[in-house]
Amino acid sequence: MGNTARICDKIEKAQKGENVTLAYIGGSITEGGRTDTCYVSRSYKYFADTFGTGNNVFFINAGLSGTSSVVGLMRAQNDILNSNPDVIFIEFSVNDHPEEIYKKGYESLVKKCLSQPGDPAVILIINRAKGGYSMQEQMAAIGENYDLPIISMDNALTNAFNSGLLTTDDYYTDEYHPHEKGNALISDSIAYFYRQALKTVNKSDSYTIPESTVYGTEYSTGSIVPLSELTNFNAGSFTQTNSGYATLPYTLKHAAWGGDTPITFTAKGKGIFIVYSAKDDAAFGNLNVTVNGKTSSISGNKKYAWGGPEADVAYIQNNSGDLNVSISVQNAGTEFTIWGIGIVK
């Protein structure tokens with residue numbers, strides 16, 4: 001159950017007739033085709049019908065297919081937090097991996113959401129693939145550290161499959177995605193959580209964000225920034241357009257044999273993230289990111305990637321300061337597409 005103080009406050013706010021916004025951020029399970037049968041629409045409708053007073057409950061579906069919590073961290077400010085949501089659901093359980101960047105990225109996203117001025121309730125949804133793949137172990141450790149509600153479809157489904165109560169066909173349409181009835185199970189689980197949270201035995205009086213961390217939250221102030229916020233920005237040999245992938249704000253594309261002049265700019269902060277297109281294709285090259293004289297490499301050619309957004313940290317330091325940045329492809333004969341430059345403030 002975790003600490004229920006914030007969710008009970010938001011339910012009470014809706015019952016009083018005040019406007020309440022639910023935000024959902026995750027991968028394709030959350031995106032759900034953005035139909036009335038996906039768990040986002042279903043669980044929003046349950047909240048609105050049960051606790052709302054008419055037209056005072058709203059929702060944001062910020063699911064984005066194929067994206068990790070690191071990409072979610074970089075787009076959270078623009079895609080959900082600028083709308084000051086009251087309740088935030090985070091779901092990346094079959095999109096993340098065991099490497100440190102995902103552990104810290106997920107925990108940083110949790111911390112970022114919890115730290116918003118409106119004290120939103122943050123709820124973790126942990127799913128699993130048909131074959132059992134899930135990042136529950138590392139995500140649940142984070143949820144437990146922050147005393148957050150965790151809705152584990154991983155636990156529920158695994159128990160149901162093992163006992164014979166359900167078969168995988170009762171939930172999945174493919175290896176990862178629930179069908180209409182599967183989405184209804186997620187929504188019903190969220191509704192059950194609300195009902196349990198309101199019981200006196202589960203009510204918490206207050207909530208304080210703990211100072212302890214599990215993997216680290218040094219990325220929590222990171223976000224994609226507009227190019228206009230980067231001082232003396234020069235696109236070099238990259239072609240700049242003002243539209244990106246889905247809600248990502250812009251594109252900086254290096255075409256094969258398009259020259260080798262680097263992107264250059266300066267900024268204030270502690271670190272640099274790159275959000276980019278990755279694919280299992282040798283035509284996708286490597287990026288060199290040099291910050292204050294230190295160079296790191298980011299590969300656009302990744303196994304199992306399909307051309308959608310990835311995100312990596314290119315540079316991090318302990319304290320905020322001047323960042324002098326140069327970004328170039330290692331081989332001018334390869335292509336590379338950037339969909340966002342993130343600054344850790």
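Predicted model: local features only at pLDDT ≥ 70, side-chain atom pairs only at ≥ 80, totals over all residues.

A: Start with K302, which counts as partly exposed because its relative accessibility is 26%. Residues are numbered from 1 along each chain as its sequence is written, and side-chain values use heavy atoms, leaving out hydrogens and water.

K302 has a partner. D312 and K302 form a salt bridge, at 3.9 Å from N to O; the term covers a side-chain nitrogen of Lys or Arg within 4 Å of a carboxyl oxygen of Asp or Glu. This pair links distant parts of the chain, 10 residues apart: D312 belongs to strand 13 (residues 306-329), and K302 to the loop between strand 12 (294-299) and strand 13. Elsewhere, salt bridges with shared partners tie K10, K13 and D86 into one network.

Look inside that network. K13 and D86 form a salt bridge, with 2.7 Å between their closest N and O atoms. They are 73 residues apart: K13 is in helix 1 (residues 5-15), and D86 is in the loop between helix 4 (69-79) and strand 3 (87-91). Helices (H or I, at least four residues) and strands (E, at least two) are DSSP runs, numbered from the N terminus. The two partners differ in cover. K13 is partly exposed, since its relative accessibility is 24%. D86 has 5%, so D86 is buried.

What about the rest of helix 1? A5, R6, I7, C8, K10, I11 and A14 are buried there. Just after helix 1 comes G17, with a positive phi of about 95°.

E100 and K104 meet in a salt bridge, at 3.8 Å from N to O. Both belong to helix 5 (residues 100-114), 4 residues apart, or about one turn of the helix. An α-helix has 3.6 residues a turn, so residues three or four places apart point the same way. Cover differs here too. E100 is exposed, because its relative accessible area is 51%. K104 is buried, because its value is 12%.

Step back to the total. The structure holds 12 salt bridges. The protein has 26 positive and 35 negative charges, and their mean positions lie 3 Å apart. In that count, Lys and Arg are positive, Asp and Glu are negative, and His and the chain ends are left out. Each charge is placed at NZ of Lys, CZ of Arg, CG of Asp or CD of Glu.

Where do these pairs sit overall? The protein has 8 helices and 14 strands. Its radius of gyration is 21 Å, close to the 20 Å from the globule rule for 345 residues, so the protein is as compact as a globular protein of that length. That radius is taken over C-alpha atoms, and the rule is 2.2 Å times the number of residues to the power 0.38. Of the 345 residues, 53% are buried.

Technical notes:
Buried < 20%, exposed > 50% of the residue type's maximum accessible area, 1.4 Å probe, protein only.
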